[in-house]
Amino acid sequence: EMILRDWSSDVCSSDLMLSELLNGPRAIGLKQSQRAVKEGKALGAWVAEDAEPHVIRPFLALCQQHGVPVYPVASMGELGAACGIDVGAAVAVSLQP
């Protein structure tokens, strides 16, 4: 939670946006999400507030570098459910169609 607060200028409201992850093209998990951001395919990124800081800190920096908005999600379980998977996810991104 503290990490995301550090990035508060880049963090926008995520409530309405989570449906994008379920309905649209997406990448789930750190490696796929990082690749999408680097390739310029990510429209928005969701980060679980209970994810390991050392996992999400570099990802947040990458998103800022590439101008990808970051949305906080309360937990990895909630983010996984929003992506339609049965396990938790630390990060996910919505992709350009």
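Which residues is Ala-27 in contact with, leaving aside its neighbours within four places in sequence? They are Gln-32, Ser-33, Ala-92, Val-93 and Leu-95, where contact means heavy atoms within 4.5 Å.

This is a predicted model, in which local features need pLDDT of at least 70, side-chain atom pairs count only at pLDDT 80 or more, and totals for chains, interfaces and linings use all residues. Residues are numbered from 1 along each chain as its sequence is written, and side-chain values use heavy atoms, with hydrogens and water left out.

**Chain overview**

The protein chain has five helices and four strands, arranged along the sequence as α-α-β-α-β-α-β-α-β. Helices (H or I, at least four residues) and strands (E, at least two) are DSSP runs, numbered from the N terminus. Of the 97 residues, 39% are buried; buried means under 20% relative accessible area, exposed over 50%, and partly exposed in between, with a 1.4 Å probe and protein chains only. The accessible surface is about 5300 Å², and carbon and sulfur atoms account for 52% of that surface. These areas come from the Shrake-Rupley method with a 1.4 Å probe; for residues, only the protein chains shown count as cover. Among contacts between residues at least 6 apart in sequence, 83% join residues at least 24 apart.

| Residue | Strand | Relative accessible area |
|---|---|---|
| Ala-27 | S1 (residues 26-28) | 4% |
| Ser-94 | S4 (residues 91-95) | 3% |

Both residues are buried. The C-alpha atoms of Ala-27 and Ala-92 are 5.6 Å apart, although 65 residues separate the two along the chain. Not counting residues up to four places away in sequence, Ser-94 touches Glu-20, Leu-21, Pro-25, Arg-26, Lys-41, Ala-42, Leu-43, Gly-44 and Trp-46.

**Helix H4**

Helix H4 covers residues 53-66, and at 1.5 Å a residue its 14 residues should span 20 Å. The expected span is 1.5 Å times one less than the number of residues. The end C-alpha atoms of H4 are 20 Å apart, which agrees.

The buried residues in H4 are Ile-56, Phe-59, Leu-60, Leu-62 and Cys-63. Seen down the helix axis, these buried residues fall within an arc of 160°, so they line one face of H4. The arc is that of the directions from the helix axis to the C-beta atoms. An α-helix has 3.6 residues a turn, so residues three or four places apart point the same way. The face of H4 turned away from the buried side carries the exposed residues His-54 and Gln-65. After H4 comes Gly-67, with a positive phi near 70°.
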